[in-house]
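Below is a briefing on one predicted model. It covers a sheet and its packing, then the nonpolar cores.

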Amino acid sequence: MLEFGTSKLSKEDLSIIKNHTQRLLKTFREPLMVLDTNKNVVGLNTSFKKKFNINEEVEDDVSVFNFHQNQFDTSEFRAILKDLQTRGETIEEREIQVEIPQKGKKEFKLNASILPIPNDNSLILLSFKKLKKIGELSRQEKVYNKLVEDILSNAPAAICILRGPKHIFEVANENYIKLIGHRNIIGKSVKEALPEIGSQGFIELLDSVYSTGKPYVGNEISVKLQVGNEEFKNSHLNFVYQPTRNKKGEIDGIFVHAVDVTEELAARKIVEDSEAGLQAVINTVPAIIWITNTEGQSVFLNKNWYSYTGQSNEDAKGMGWLNAIHAEDRKRAEFDFLEAHDQKKSFSVSYRLRKKNGEYRWALDKASPKFDADGNYEGMIGTVIDVHEEKIKESLVREQEHRMQGIVKEATVATAIYTGLKMNIELANDAMIKLWGKDQSVLGKPLHEALPELDGQPFLDLLRNVYETGETYWGKEDPVDLVIDGEMKTGYYNFTYKPLRDKSGNIYGILNMAIDVTESVTSKMLLKESEFHFRQMADLMPGMVSKTDGDGEDIYFNKNWLDFTGKGSEYLKNVGWVAYIHPEEKQDFIESWQNCLDTGCNLEMQLRLKNKEGKYIWHLSRCEAVKEDDGTVKMWIAANTEIDKIKEEEKRKEEFLKMVSHELKTPVTSIKGYVQLLLSLLKKQQQEVETSKLPLQPSLERINHQVSRLTRLISEILDLSRIRENQLELKDEKFNLNELVAETIQDINYTNTQHKISLENEVNCDIIADRDRIGQVIINFVMNAIKYSPGSQEINVKIEQVSTDKVKVSVKDFGIGIGEENHKKIFKRFYRVGVKSEETYSGFGIGLYLANEIIERHNGEIQLKSKLGEGSEFSFILNAQQITS
């Protein structure tokens, strides 16, 4: 399709167009207008000027629509040029009306066609025929019209029509007149008009064509013509003598079409003369050079081909050169060559070429079509260069690029590469395409087209700045609006824009890597909101609430802390609330707090804190860790609740219990003494029948048992006070643990015959400890097992070795069991597990507290295994002095 423009042509192109136009104007007798591709008038023949009353010369670059008083600026004429532009095909016999000065509107038939010329330009040929009735046309006009139709595509050429057996000149175009020296020949015979050719055999040829009806074609025929007074010129012509016939089919003349090829023959002679020298030069070029003819057959290979491949002239002849190419590359090379040859276009192909030693090396074969001066295709000319090293490097680079693309595509991190200022999406892995909410169709598109929603957001400007400055951009938790599943969504991303450079250091693209942190940012927002609510709640709480980071640095104090100390938040953060702890508790707290920081355990401790008046107030201090999913401590929450009044109550309670225990101990001791005296006297007087019949002994034994229980209870109360005052003394001695356990069980069996207490000795061991205190722990465990197993009579006691120097004593029952939430609480003072009937399970809740304190003071450990409804197993572990099996 021909594209019509409006820009002006260069002087060189305009000169070429005018030369071709002048040839055409001399060829055609009917009115002819010639336009360039910009629809500017470049030529008119004489017939056109006469027909349209044009006297002035044509100006350069004048538009056909502005030409001659806008004579051709009509909708019909514009439509014809538009059709020609759109279809690019010849338009025939289109009727139009043209306003002719002093003659009015006249009707014409317009033929329009496109004529390509050298330097990639074209001409627009517009021929006009005035409409006449058939009867009004002269014979010469009829012949002429037919002639124009026959030769339209063959001009320019020397053309004439000879009529009758004497060969009378009837029509001759400008080229023919110029060829014979501008002589007046119309109406004259050939012999009369051109007497010099009578002896050159042309009249005989004309007679033969006229008589036989067989056309004659002459190629490069030499002819001597007179071009001036006694001046002759030798020319070479390609010509055709074509007989013409009338309506009856009778030969009535001869059509002559001749082309002067004198200059072409001279040029070819020059080429032929210099070809040998050229081949010698070509053979010295350090590359393989080859030439093919119009059939694609090899006609020349310089000596480098034969010395490189080892082929002979006969081997490489025609298409034989293909045999030197590796079998795997041969078909591809042949296809590319033949395709370029058929389409008369350049080509470039790489293949493995065999050297004469049998080695295959990569070669690059590049060629272009060769045309003669008239634009006729003559074949291909090309070069072959050894590029083996470059090809290997290219393969390595391509492999690296392939691996890199594979890594990018398989990467879980969203990754993309953009090239050029337009940010074309060269590569994007599945993670990035999913992040965008798009599909594979975005590849190859500019980023602003693939993601139009980025318009109005800063990212395209950021990319251009990175491309222009070479400075990497780091985005942290930047909000990005993307259309995902048809809905605009805001996400938050950490990403980088990193410039990519070629080996010369020039930026050619940008690497984009992104991580979706939307969930993290959202969590932070929620955390900030939660923090706000936490501070509000903390300020409303009656206790003193503070918060530290994972390393224990203070970061928050609620209002009650500020009111209690009379100090500001920043002051407390700097000095820390530990500074307000009473000196007697401070060191214990610091050690416990450090242990919590090291292990992540929680802390609970009673301590005194100094208020703004300087008075120390008792508080229950609790510190609990807030942990991440992986178990690391994120922060610590501390709450200090005032227990000063509770401590006063406890103190009064302990003093009361201490007083009661001392008051009770004296009479109980006396009762126990008298009972034991009576029992000893009874044993001596058992021979007296009347006395022995009385139930005195059983009754006294029961009294003795109850007094023993009361004594133990009083002792526990006293021990509780001693522990509080740190006055509980241990009397260490070496004894056999198995014997102590057996004796304790035997004593308990005397008063609890309804339970079956079994003892399993896996090891026999001696320990160094306070024998009475350890016995007190065993009694506590066994009595608890009896008390909390009303529906089961079986209790198992077991002694076993847990390591090379440690033994464990465990007491297991099958009673009501203890819920997991109470496992730690039961070792606190006065704590009792809630039950349905307080009467069934009596006690003060201090036995296990004392047992725990006793074992801890022996550097031992108490363990508990229990489930509600499945019984309990209490154990203590001590260091053994000696263990025997």
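In what order do the 5 strands of the open sheet lie? The order is S2-S1-S5-S4-S3, with antiparallel pairing. This is a predicted model: local features need pLDDT of at least 70, side-chain atom pairs count only at pLDDT 80 or more, and totals for chains, interfaces and linings use all residues. Residues are numbered from 1 along each chain as its sequence is written, and side-chain values use heavy atoms, leaving out hydrogens and water.

**Sheet**
- Strands S2 (41-44) and S3 (91-100) are the edges, each pairing on one side only; strands (E, at least two residues) and helices (H or I, at least four) are DSSP runs numbered from the N terminus.
- Pairing requires at least two DSSP bridges between two strands.
- S3 and S4 (residues 104-117) pair antiparallel over 8 bridges.
- Glu 99 stands opposite Lys 105 in S4.
- Helix H3 (residues 75-87) packs on the sheet and touches S1 (32-35), S3, S4 and S5 (121-130); contact means heavy atoms within 4.5 Å.
- The direction of H3 makes about 150° with that of S3; axes are lines fitted to C-alpha atoms, for helices over the stretch in contact, and angles run from 0 to 180 degrees between N-to-C directions.

**Nonpolar cores**
- The largest nonpolar core has 37 residues; a core is a set of buried Ala, Val, Leu, Ile, Met, Phe, Trp, Tyr and Cys residues joined through side-chain atoms within 4.5 Å.
- Buried means under 20% relative accessible area (1.4 Å probe, protein chains only).
- Helix H24 (771-787) is among the contributing elements, and its 7 residues are the largest share.
- Ile 774 touches residues including Phe 735, Leu 737, Ile 855 and Phe 876, not counting residues up to four places away in sequence.
- A second, separate core of 29 residues includes Tyr 418 and Phe 459.

Notes
Buried < 20%, exposed > 50% of the residue type's maximum accessible area, 1.4 Å probe, protein only.
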